[in-house]
Amino acid sequence: MPTAPAGTLYRGREGMWSWVAHRVTGVLIFFFLLVHVLDTALVRVSPEAYNAAIGTYQTPIMGLGEAGLVAAIVFHAFNGIRILLVDFWAKGPKYQKVMLWVVAGLFVVTMAGFLPRHLMNVFGGGH
């Protein structure tokens with residue numbers, strides 16, 4: 001079994017997967033912001049088209065998409081702090097795996113606080 005080259009944190013271990021997830025969540029957040037700017041701009045072009053677009057966001061599928069967006073933002077934010085610590089704190093590389101577990105724990109706690117209320121609203125239980 002080949003081993004990773006010496007001197008790298010990101011080849012085939014937790015660091016690599018957090019690196020990939022950070023890039024994927026960043027791209028997803030970018031595309032959400034692009035769509036958000038475009039649909040908001042519709043209000044100046046055609047208020048009817050804007051209302052139609054906003055109406056499509058009131059579906060359970062979009063509610064689940066909102067939950068995914070929040071999950072992407074929460075992970076991206078916490079992992080971004082971890083990346084800053086790895087890059088700019090002298091002991092960061094030594095503790096990068098522990099910090100990834102902290103990110104995972106903070107992610108779970110944050111989403112556990114958000115998801116129940118959000119899903120009740122999405123599926124009609126929160127009205």
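**A buried aspartate and a salt bridge**

Trainee: The side chains of Asp 39 and Tyr 57 make a polar contact at 2.5 Å. What makes this a polar contact?

Mentor: The term means a pair of N or O atoms within 3.5 Å; within protein, one must be able to donate a hydrogen and the other to accept it, and residues adjacent in sequence count only if both atoms are side-chain atoms. The distance here is 2.5 Å, so it falls within the limit. Asp 39 and Thr 40 are joined too, at 3.2 Å between their side chains.

Trainee: What kind of model is this?

Mentor: It is a predicted model: local features need pLDDT of at least 70, side-chain atom pairs count only at pLDDT 80 or more, and totals for chains, interfaces and linings use all residues. Residues are numbered from 1 along each chain as its sequence is written, and side-chain values use heavy atoms, without hydrogens and water.

Trainee: Where is Asp 39 found?

Mentor: Asp 39 is in helix α1, residues 14-45. A helix is a DSSP run of H or I, at least four residues, numbered from the N terminus. Helix α1 has 32 residues.

Trainee: Which residues of α1 are buried?

Mentor: Gly 15, Ser 18, His 22, Thr 25, Ile 29 and Asp 39. Buried means under 20% relative accessible area, exposed over 50%, partly exposed in between (1.4 Å probe, protein chains only). Their cover includes α2 (47-56), α3 (60-88) and α4 (96-122).

Trainee: Why does Asp 39 have no salt bridge?

Mentor: A salt bridge needs a side-chain nitrogen of Lys or Arg within 4 Å of a carboxyl oxygen of Asp or Glu. The nearest side chain of opposite charge is Arg 44, 13 Å away.

Trainee: What makes Glu 14 and Lys 97 a salt bridge?

Mentor: Their closest N and O atoms are 3.9 Å apart. The cut-off is 4 Å, so the pair qualifies. The structure holds one salt bridge. Glu 14 lies in α1 and Lys 97 in α4, so the pair ties together parts 83 residues apart in sequence.

Trainee: How exposed are Glu 14 and Lys 97?

Mentor: Glu 14 has a relative accessible area of 24%. Lys 97 has 36%.

Technical notes. Helices (H or I, at least four residues) and strands (E, at least two) are DSSP runs, numbered from the N terminus. Lys and Arg count as positive and Asp and Glu as negative; His and the chain ends are not counted. The expected span of a helix is 1.5 Å times one less than its number of residues. Contact means heavy atoms within 4.5 Å.
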